[in-house]
Amino acid sequence: MKPIPLDTGDVVVLTAAGERALNVPGTTLSARELEALVLVDGHSTVAELIRRADPSSREGLHAHLGRLLEQGYLGITKDPLGGMIDAGDFFSKPPVPQTSDAQTAAQAAADAAILRQKGYCVNMARRGTPKEPPGAAPLNVLVIDDDPDIGALLQKYLRLEGLQVRMAGSAKEIVQALRTRPLPDIVLLDVDLPAVSGFHVLGKMREHPVLKSLPVIMLTGTATREAVLKGLLLGADGHVTKPFKIHALVRAVKAGLGLPFNPDEEDWDLSL
């Protein structure tokens, strides 16, 4: 098949397949491809997306976007200016700073504001390698969240799926849980912990020789592209924004563990 040309001035949008990759667990896309999808806002040009990306991800981003376009996850909008221009674009912006450092800082702040688009929500998890429990022992899920109500509900529904669940909320409990054998097979990690950022915990796990390969799905009420990208860059295997349907979260966990699930199965009528 002849590659679809993608110019840096093109504006790309998510297709139904792209939306599905970000909202149905079990994607086989790489972390870099998921980062590229998360960046797409339907308004920015390819050049703007590359500029807005984390410096470590800029190289090769154009190629990733091109492949996603070829695979049907992205499309090129026919109306790149549609919905982009309003009075605020011309009359509400502060003056542009004159020094190069100030200009860089202002541009970074503007780009971060775009990433913090309201109402952004994902429910994604990359499909893990199927695991067979040793003997009759169930697979273990570690839930790192300081909310006891969420913990109790997750324990209830994950155990119905035959999974063993343990909880940790404080720094002491997190360390103890990660030292306890058997190690968890997957971790659900809340971003907004009381004493430490979940991103910090994730970063430390990815630096640890024993914990670096554990699947980790981030849970957060901060539904922004910026938060999702930060988790992916630190090595998260998935991201579920709150409030979430419990059934959708269970599917994300099963995807991360490589267990079978029906992506088209109707959600239970329960949100957390």
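**Burial, salt bridges and helix packing**

Me: What makes D41 count as buried?
Reply: Its relative accessibility is 14%. The cut-off for buried is under 20%. The value falls below that, so D41 counts as buried. This is a predicted model, and every value here is computed from it.

Me: How do you know that D41 forms a salt bridge with R52?
Reply: The closest N and O atoms of D41 and R52 are 3.5 Å apart. The limit is 4 Å between a side-chain nitrogen of Lys or Arg and a carboxyl oxygen of Asp or Glu. The D41–R52 pair is therefore a salt bridge. D41 sits in the loop between helix 2 (31-39) and helix 3 (46-52), and R52 in helix 3, so the pair ties together parts 11 residues apart in sequence.

Me: Is R52 buried or exposed?
Reply: Buried. R52 has 8% relative accessibility, and the cut-off is under 20%.

Me: How many salt bridges does the structure hold?
Reply: There are 5 salt bridges. One of them pairs K254 with E161, with the closest N and O atoms 3.2 Å apart. That value lies within the 4 Å limit, so the pair qualifies. K254 belongs to helix 12 (residues 246-257), while E161 is in the loop between helix 8 (148-160) and strand 5 (164-168). The two are 93 residues apart, and the pair links distant parts of the chain.

Me: Why is E161 called partly exposed?
Reply: The relative accessible area of E161 is 29%. Buried needs under 20%, and exposed needs over 50%. The value for E161 is in between, so the label is partly exposed.

Me: What makes the contact of R206 and D237 a salt bridge?
Reply: The N to O distance is 3.0 Å. That is within 4 Å, so the R206–D237 pair passes. R206 is in helix 10 (residues 198-207), and D237 is in the loop between helix 11 (225-234) and strand 8 (238-241). They are 31 residues apart. Shared partners join R126, R206 and D237 into one network of salt bridges.

Me: How do you know that R206 is buried?
Reply: Its relative accessible area is 19%. The cut-off is under 20%. R206 therefore counts as buried.

Me: What makes helix 2 roughly antiparallel to helix 11?
Reply: Their axes cross at roughly 170° and come within 10 Å. The antiparallel class begins over 145 degrees, so the pair is roughly antiparallel. R32, L34, E35, V38 and L39 of helix 2 meet R225, V228, L229, L232 and L233 of helix 11.

Me: Which residues of helix 11 are buried?
Reply: They are R225, A227, V228, L229, G231 and L232. Just after helix 11, G235 takes a positive phi of about 110°.

Me: Why does H239 count as buried?
Reply: H239 has 1% relative accessibility. The cut-off is under 20%, so H239 counts as buried. H239 is found in strand 8. Neighbours within four places aside, H239 is in contact with V122, N123, M124, I217, M218, T220, A227 and V228.

Me: What makes R58 partly exposed?
Reply: The relative accessible area of R58 is 36%. That lies between the 20% and 50% cut-offs, so R58 is partly exposed. R58 is in helix 4 (residues 55-58). Not counting residues up to four places away, R58 touches I50, R51 and A53. A polar atom of the R58 side chain lies 3.4 Å from the backbone oxygen of I50.

Me: What share of the protein is buried?
Reply: Buried residues make up 45% of the 272 residues. The secondary structure comes to 12 helices and 8 strands.

Definitions and conventions
Residues numbered from 1 in each chain as written. Predicted model: local features only at pLDDT ≥ 70, side-chain atom pairs only at ≥ 80, totals over all residues. Heavy atoms only, no water. Helix = DSSP H or I, 4+ residues; strand = E, 2+ residues; numbered from the N terminus. Buried < 20%, exposed > 50% of the residue type's maximum accessible area, 1.4 Å probe, protein only. Contact = heavy atoms within 4.5 Å. Polar contact = N/O pair within 3.5 Å; in protein donor to acceptor, adjacent residues only side chain to side chain. Axes fitted to C-alpha atoms, helices over the stretch in contact; angles between N-to-C directions. Parallel < 35°, antiparallel > 145°, perpendicular 65-115°, else oblique.
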